[in-house]
Amino acid sequence: MIRTTVHQQHNLLIPQEKHPSRSLELNSCERECFSLLQSCKCMKDFKQVHAHILKLETDARREGHLLTVCAISEWSSMDYACSIFRNISDPGVFEFNTMIRGYVKDTDPVEAILLYQEMHQKGVKPDNFTYPFLLKACSYLSAIKEGLQVHGHAYKFGFGSDLYVQNSLINLYGKCGEMQSCFKVFENTDQVNIASWSSLIGSHAKMGFWNESLRLFTEMNNEGLWRADESTLVSVLSCCANLGSLDSGRSVHGFLLRNGFRFTDVQRKP
């Protein structure tokens, strides 16, 4: 395993997918419309801008930008996003990924999995951005059977060593109680980061392996390459409470103080 230092870890938590339309040149009217899209605060604003854009003869590839705003924004509507998606004549991997991500964000994991199946049936080749959100959908449902199939697909398409895919697999197996598989993926992860450790530690804590969770936390700290995040600390404090380990709890409390955490930061985490 390659160890990623605390200074590098923040760049490895969330995959950033570039929109294909960014390489296209926009005319002045289109630039104005897409600028208005970025300023939308609710579905009413979006629908007004969308209606205006429909009057323009825009490149079909730019429909993906509309889809992204509608599906991923805080005020998103997956019903409306679906209507945009179904009107795209030949949706590609970016559009499918956006819809899968939107359904996961909207806590509708079943639709996310069904859309992946449709993507597969239509011969649209997935990429490394497809699997983290798809695996998250499987973890929401504790759908280990589907998760194993997705794991196989990820390796088949050459994304088995992708960091985001590996972290998502650690999270999936941990939530499904498959601790051996969870640890095996962690051990085979090419470039471990704080998200990898957090998923591993949190999974053991949720399954009641409190001593093992604390051991892993100690191992992580001893390596000195990572700074524990709030999610990890919540898991560790939960272990201390369940074990009735006052000394361990005080040790974690000291860690919080030394690293500038406020108690409310940790307390707010689920």
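How many helices and strands are there in the protein chain? There are 15 helices and two strands, with helices (H or I, at least four residues) and strands (E, at least two) taken as DSSP runs numbered from the N terminus. Keep in mind that this is a predicted model, where local features need pLDDT of at least 70, side-chain atom pairs count only at pLDDT 80 or more, and totals for chains, interfaces and linings use all residues. Residues are numbered from 1 along each chain as its sequence is written, and side-chain values use heavy atoms, with hydrogens and water left out.

**The chain overall**
- Of its 270 residues, 47% count as buried, meaning under 20% relative accessible area, with exposed over 50% and partly exposed in between (1.4 Å probe, protein chains only).
- The chain exposes about 14400 Å², and carbon and sulfur atoms supply 50% of that; areas come from the Shrake-Rupley method with a 1.4 Å probe, and for residues only the protein chains shown count as cover.
- Take the contacts (heavy atoms within 4.5 Å) with a separation of 6 or more: 65% of them link residues 24 or more positions apart.

**The core**
- The largest nonpolar core has 68 residues, and L37, F46 and Y131 touch the most other members; such a core is a set of buried Ala, Val, Leu, Ile, Met, Phe, Trp, Tyr and Cys residues joined through side-chain atoms within 4.5 Å.
- Helix 7 (residues 130-141) gives the most to this core, six residues in total.
- Domain 1 (58-108) and domain 2 (192-260) both contribute residues, so the core lies between them; the domain bounds come from an automatic or database domain assignment.
- Setting aside neighbours within four places in sequence, Y131 is in contact with Y116, P126, V150, H153, A154, F157, F159 and V165.

**A nonpolar patch on the surface**
- V110, L114, Y140 and L141 form this patch, with about 340 Å² of accessible area together.
- Patch residues have over 30% relative accessible area and no salt bridge, with like charges joined within 9 Å and nonpolar side chains (Val, Leu, Ile, Met, Phe, Trp, Tyr) within 5 Å; a salt bridge is a side-chain nitrogen of Lys or Arg within 4 Å of a carboxyl oxygen of Asp or Glu.
- Helix 6 (109-121) and helix 7 each supply at least two of the patch residues.
- L114 sits in helix 6 and is partly exposed, at 42% relative accessible area.

**Around N171**
- N171 lies in helix 9 (residues 163-175) and is partly exposed, at 21% relative accessible area.
- Leaving out neighbours within four places in sequence, N171 is in contact with S139 and S199.
- N171 and S203 are 32 residues apart in sequence, and their C-alpha atoms are 7.1 Å apart in space.
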